[in-house]
Amino acid sequence: MTLQLRSVVTDGLRLALSRNGAVFGAVFLAVETLSLLLVVVAGTSYVPVDLGAGIEPTGGIAAGSQLSELTGFAAMVLVGLFSAVVTVPLSIVAIRTFVAGAADTIPEAALFNDLGRATVRGIVVSFCYAMLVVGLLLTMSLGIFAVVAVVGAIDVLSGWIAAVVGIVVGGLLLLAAIAVGIAIWLHFLFLLHEVGVRGQGVVDAFRGSWETVRGNRVRIGGLAFLLVSLRSSISWSGSPSADSGWTLLQSVTTGASLVVAAGMAVVTTAILARAYRDLRAEIDADGLSGRTESRDAESPQSEPNPG
């Protein structure tokens, strides 16, 4: 059965514009604002925690000075971990609420049904997914580097032939890596849904997400790409520039983009949650039908009563 995009989008927008949608939008806005402030402060300037107590900063680093690249990277990693710990349970609660179709009040099951365990699993699957993407990028880079090195080491090829061969083979590898990356992103789009809604483990979440997307790859891919592109473009358009500093116009633009991005995050979550609900209902119904037919075929027929 083909996913009905119109009904999914309409239902998702209805939930996003509901009371629960407004609540999640406000929470998303608060989290995004806090994360942005942490990125700006922790990733660029040194602010000692003991400065307020009247103690001179140690290490020869003046307060407010620019951090080194290594220190800034470590700070950004810590900010990313903090954001994951906060956003994963929030996303799970929102997904559960929208999958259930709740518009006015958040169901108790969405808040208290093994949320801690689902959060831990959600963080683990998110980390595994990130490592999978990083591994793909490293493999692509090593492959292109190996092709360039091999082509450059062949003495029989002239300079322009070696360049053409390197560009063609490297381009093919790049296209293959992009195709694999899109496939990974699409098939593992519902990892948090599997963890939060169905209570799946880490490995089963990857399997379940793949199974959910299979059969509706084009429709789900087009819908998800449109939603994610709109959300990303809104977020990037208002991101502050490290060189320009915080001007009044930049502050207003960033604040407006944060509000719109939070609303777009709710719309994206609600629409994908409804799509997941319909897809899982179809898969579970097919699986139940198949199991029922199998049991009927295996059950022995009752023998006629000779009496």
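Student: Which residue forms a salt bridge with D278?

Tutor: Ground rules: this is a predicted model, where local features need pLDDT of at least 70, side-chain atom pairs count only at pLDDT 80 or more, and totals for chains, interfaces and linings use all residues. Side-chain values use heavy atoms, with hydrogens and water left out, and residues are numbered from 1 along each chain as its sequence is written. A salt bridge puts a side-chain nitrogen of Lys or Arg within 4 Å of a carboxyl oxygen of Asp or Glu. For D278, the closest N and O atoms of the pair are 2.6 Å apart, and the partner is R277.

Student: Is E194 buried or exposed?

Tutor: Buried means under 20% relative accessible area, exposed over 50%, and partly exposed in between (1.4 Å probe, protein chains only). R198, at 33%, counts as partly exposed. E194 has 0% relative accessibility, so it counts as buried.

Student: What separates D11 and R14 along helix α1?

Tutor: Helices are DSSP runs (H or I, at least four residues; strands are E, at least two), numbered from the N terminus. D11 and R14 form a salt bridge, with their closest N and O atoms 2.6 Å apart. Because they sit 3 residues apart in α1 (residues 5-16), the separation is about one helical turn.

Student: Which residues are closest to the centre of the largest pocket?

Tutor: A pocket, on a 1 Å grid over the protein atoms alone, is an open set of points where a 1.4 Å probe fits, with protein on both sides within 12 Å along at least five of seven lines; lining residues have an atom within 4 Å of a point. The largest one holds about 1,900 Å³, a volume being the space filled by probe spheres set on points joined across faces, edges and corners. It has 46 lining residues, and the closest to its centre are E32, T87, S91, V228 and R231.

Student: Which helix gives the most residues to that lining?

Tutor: The chain has 10 helices and 0 strands. Those giving two or more residues to the lining include α2 (19-42), α3 (69-100) and α9 (217-237). With 9 residues, the top contributor is α10.

Student: How far apart in space are T87 and F28?

Tutor: T87 is in helix α3. It is 59 residues from F28 in sequence, yet their C-alpha to C-alpha distance is 8.2 Å.
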